Amino acid sequence: MTSAADSTAAVERRNASDVTGVLVLAACAAWSLITAGAHDGRPEGVLLAVLAVAAGYASGRILGALLPVAAPCAGALAGLGLAITAPHPAPVAGITSPLGHSGATTALLALSAGAACCAAWAAHPPALRLALRLLAAGITVTAALLGSTTGFVLCSGVLLCSLAAARMRRRALGLAGLGLAATLMTGMSWAMTEHALPDGLTDALEGPLTQHRILLWHDALNLAREYPVLGAGPGRYGELSPTVTESLLPDGKPHSAPLQQAAEQGVIGALLLAAVFCWVLYALWRTRRSTPIALTAGAALTALAVVASVGNALSFTTVTAGAGLLAGLATARPLSEEAPEHPTESTDGRPEV
């Protein structure tokens, strides 16, 4: 009787997280169409990103159920290959770090490291688990070889969080900490734009971020103030930003996903972007997969959120699809149930055995 009740409760939890995800992604798509109609915007980029996340998540759920070890391992290798073969433009005068593809490369490396660590936790043979962790370490070293300092730091953080997750009994606490980290990073970009940080910290951050990027953020914040509800319209930031028109790299992006949403789709658009991240953390909290897998995926997706807060990584379909794929893999229920090596907290607070 107890087992049947637990099984029914688990199905209801998975259904609740899935329905929440459908509603949030549908709201993102619908709001982009509404704001585009109000200001003659171009919602295709947002719609493509929503489609990529949904397709990646669905694929991850299917592949994670059928191949809980092979699927994330293949995803890690694919992400690594895409990061290595991506173009790496050289910086130009006045901009010490290239904008564009460098953020996407960093995001792909962080997601790949997370996928490799998830595969390691899903594997049972010690030799295979060690090999997959070495793959994650190799991805971290590759980030350094590609000259991506941020990628090296984030991949190292994902790997360390994955190892530390073995001792974490309360996944809710770990996921809350990851959410707080993403929130603080987003707040930092806003505070930098408003000159609200101490002078010493501002000077230290301005070097790697570049003054050019901060000017882009300032333009986005001005547009958000001018169009607080509906925004200026999806895809219209490049037309309305004075900094973009004078830039040597006019890609039309403010290089901050939250600020871009606020500028182009208003406060509601920014809140919907935050809702997508909260939904992912909620799904990881509700998943029946082991706590280390949930926290590892959460760490990798938080690394992506950090990159997206100071770059345009979410403008690349490979990144958004990869994020959805990793979330799907971490929330899939394998056909052969995993056997945890030690008791961990279940999603309803009771210890699993």
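What share of the contacts in the protein chain with a separation of 6 or more comes from residues 24 or more positions apart? The share is 78%. The structure shown is a predicted model, and the paragraphs below go through it from the whole chain down to single residues.

The protein chain has 353 residues, and 49% of them count as buried. Its secondary structure consists of 14 helices and two strands. The accessible surface of the chain comes to about 15,600 Å², and carbon and sulfur atoms make up 70% of that area.

The mean pLDDT is 86, and 86% of the residues reach 70 or more. Over residues 89–99, however, the pLDDT is below 50, and this stretch has 20 contacts in the model beyond near neighbours in sequence. Residues 339–353 also stay under 50, and the model gives them 27 contacts beyond four places in sequence.

Next comes the interior. In soluble globular proteins, nonpolar side chains tend to be buried together. In this model the largest nonpolar core has 67 residues. The residues with the most contacts inside this core are L109, I139, L284, L301, L304, V319 and L326. Helix α4, residues 100–122, gives the core its largest share, 15 residues. Apart from this core lies another, of 16 residues, among them I214, A220, L223 and Y237. V319, in the largest core, touches A104, A107, L108, L111, L304 and A313, with residues up to four places away in sequence not counted.

Helix α2 can be followed from end to end. It covers residues 44–66, which is 23 residues, and spans 33 Å from its first C-alpha to its last. That is close to the 33 Å expected at 1.5 Å a residue. The buried residues of α2 are V46, V50, A52, V53, G56, Y57, G60, G64 and A65.

One of these, V46, is also a contact of Q265. Q265 is found in helix α12 and counts as buried because its relative accessibility is 1%, under the 20% cut-off. Besides V46, and leaving aside neighbours within four places in sequence, Q265 is in contact with W31, S32, T35, V229, L230, G231, P234 and Q260.

S162 sits in helix α6, residues 149–164, and is buried at 2% relative accessibility. Beyond four places in sequence, S162 is in contact with C117, W121 and T296. S162 and A113 are 49 residues apart in sequence, and their C-alpha atoms are 9.8 Å apart in space. S148 lies in the loop between α5 (126–145) and α6. At 13% relative accessibility S148 is buried, and leaving aside neighbours within four places in sequence its contacts are T106 and A143.

How many disulfides does the structure hold? The number is zero. C117 is itself buried, with a relative accessible area of 1%. C28 also counts as buried, at 11% relative accessibility.

The backbone has two points to look at. Most residues other than glycine have a negative phi, and most peptide bonds are trans. T210 is not a glycine, yet its phi is positive, about 75°. T210 lies in the loop between α8 (199–209) and α9 (211–226), and at 4% relative accessibility it is buried. H255 is not a glycine either, and has a positive phi of about 60°. The loop that holds H255 runs between α11 (242–245) and α12 (257–286). H255 is buried, with a relative accessible area of 1%.

Terms used. Residues are numbered from 1 along each chain as its sequence is written. This is a predicted model: local features need pLDDT of at least 70, side-chain atom pairs count only at pLDDT 80 or more; totals for chains, interfaces and linings use all residues. Side-chain values use heavy atoms; hydrogens and water are left out. Helices (H or I, at least four residues) and strands (E, at least two) are DSSP runs, numbered from the N terminus. Buried means under 20% relative accessible area, exposed over 50%, partly exposed in between (1.4 Å probe, protein chains only). Contact means heavy atoms within 4.5 Å. Accessible areas come from the Shrake-Rupley method with a 1.4 Å probe; for residues, only the protein chains shown count as cover. A nonpolar core is a set of buried Ala, Val, Leu, Ile, Met, Phe, Trp, Tyr and Cys residues joined through side-chain atoms within 4.5 Å. A disulfide is a pair of cysteine sulfur atoms within 2.5 Å. pLDDT is the predictor's confidence in each residue, from 0 to 100. The expected span of a helix is 1.5 Å times one less than its number of residues.
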